[in-house]
Structure formats: C-alpha cells, structure tokens
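This report describes selected local features of a predicted model. The sequence and structure are shown first.

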Amino acid sequence: MESIYNLIPREEIKPPNQERHQSQFRSTVKNETKTNKSPNKTMGPAKVQVNPPGEYLTKRSKEPQLPDKTDFRYTDADKSRPPVPRHTEKPLMGIKSNKDFVKTNAVENIMSVPKKPAANFVDTAKGSTQPLEPSGLMPVYTKKKEFGKVPNYLQQRNSEVKRAQEEYDAYIKEYYRQGAMKHLTGTERNSILDGLKKNWQEIHHQYQGLSVVTDTPPKKARKERMEAEMKQLERDIELLEKHKTIYIAH
C-alpha cells in the first residue's frame, strides 16, 4: 500500500544483541580439567593399598552369603481346603437334619453379593498368575511420607490468600474510619434490589408491548435501548445478590 510517509527515508534501528550466557562454574571446571588432565600416567604399576599378610584369601570367602533356610509355604495356603481324612478316622454316624438344602442354597445365591475378581498379573507365557498387591508393581499411596498432609503449594496459596484478605480488610477499615467509604446496610441493599427489580419489570412489560415487526428506525432504536437497559439492570441485580457486604465511596 502506497503512502506519503513511506517516501521519507528512515534510519534503521538495530536492536542490541543479548549478552552471551556464561556459566558461573566455568573457572572451576577449567581448573579441574587442568589438574586432572592425566591421572593415569604414572611411573610403573598403579599404587594400590595391599592387605596385610594375616588377611589372606581363604577358601569359599568369595561365595555369596545366602539367607537362613526356612520352611516353604504357598501364598494361598490359608485358602486351601482341609486335608482328606485318613482311613483310620471314623465319621460321625446317626446325625440327622431337617434342613432343606435346595431352598437354602437358592436363597443364599439370590441374596449373595457377587465377588469382585482378584487383582492378579500374569508372569509366564503359559498364563500363571500371581497376586498384584504384594508384588510391588502396584503403588500403595497410603505408605507415602506425604500421605494425608496438605501439599506445600496449597499451604503457600492459603497463606497468600489469607494475607491478601487481611490487607484488604485493613484497607477497608482505614478508609471507613476516614469517612471515605460508607457501608451499605442490609435494609438499604434490599430496598435497592427491590427498586432494580421493579424497574426491570416495568421495562420488560413495555418491551413485551412492542411491535413484532421493527420496520422503522425509531422502532428499532427503541427496542435496542430497552434491551440495553434490561441487560444493565440484570448485571446490577446480579452484583448486589452476589455480594453481601458493599461499600459506597462518598
């Protein structure tokens, strides 16, 4: 786009270059590089600490130390069924019962709550499963050190909100003491709310009586003016209903 302002030559202003970043540990790294430049270049074999003659290498001293032997026990041993009775054990004879097992089983199945499937994981290609909770694969958040404590960022935020509220209250009290602001009582607030609602109802009643077709500029201007007034009244009513404590400047 052509303009007369573009005919005047302007001096090109180049922004200054930003300063190059330089680490604060540069001198330390350079000194360490110079001092430890060739640590392995020594005269003869490396000097290492030798054990005294009494501490010679004994037989089986390098073997790993295994824990003490304990009896093997399956993890689901408590859920296993009792053993089969021996052939020498005699069952109790002559016991009779009038219990209807068919009805009892039907009632128990109807009233029973379905069991939740146990959380297991598969560790082999053949599909053998192991319980998931004691395996360590599932995190247990109740064992964390910070469990049940308020996070630091929430404590900081609560303290900032509390401090800001205290500063605002002190500012309001100071202005209220100097007579620069007036506290609006509940009766005055309710009367103002009633007046605003009454004005809104009157304008709304007039708005309902407007013509449906706004074919002339005066009708269109009057409709827009009444809509703007109702919106402003609605905002004022919402503001007064939202805040219980209101201060008015003199």
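## Helix α5

Helix α5 spans residues 217–242 and contains 26 residues. Its first and last C-alpha atoms are 38 Å apart, close to the 38 Å expected at 1.5 Å a residue.

The buried residues of α5 are Met 226, Met 230, Leu 233, Ile 237 and Leu 240. Helix α4 (186–208) is included in what covers these buried residues. An α-helix has 3.6 residues a turn, so residues three or four places apart point the same way.

## Salt bridges

The model has five salt bridges. In one of them, the side chain of Glu 241 meets that of Lys 197, with an N to O distance of 3.3 Å. This pair links distant parts of the chain, since Glu 241 belongs to helix α5 and Lys 197 to helix α4, 44 residues apart. Glu 241 is partly exposed at 39% relative accessibility, and Lys 197 is partly exposed at 35%.

Glu 229 has a relative accessible area of 32% and Arg 225 one of 44%. A further salt bridge joins Lys 219 and Asp 215 at 3.7 Å, N to O. Lys 219 is partly exposed at 38%, whereas Asp 215 counts as exposed at 56%.

## Backbone at Arg 60

Arg 60 is located in the loop between α1 (26–35) and α2 (101–111). Its phi is near 65°, a positive value in a residue other than glycine. Arg 60 counts as exposed because its relative accessibility is 57%, above the 50% cut-off.

Terms used. Residues numbered from 1 in each chain as written. Predicted model: local features only at pLDDT ≥ 70, side-chain atom pairs only at ≥ 80, totals over all residues. Heavy atoms only, no water. Helix = DSSP H or I, 4+ residues; strand = E, 2+ residues; numbered from the N terminus. Expected span 1.5 Å × (residues − 1). Buried < 20%, exposed > 50% of the residue type's maximum accessible area, 1.4 Å probe, protein only. Contact = heavy atoms within 4.5 Å. Salt bridge = Lys/Arg side-chain N within 4 Å of Asp/Glu carboxyl O.
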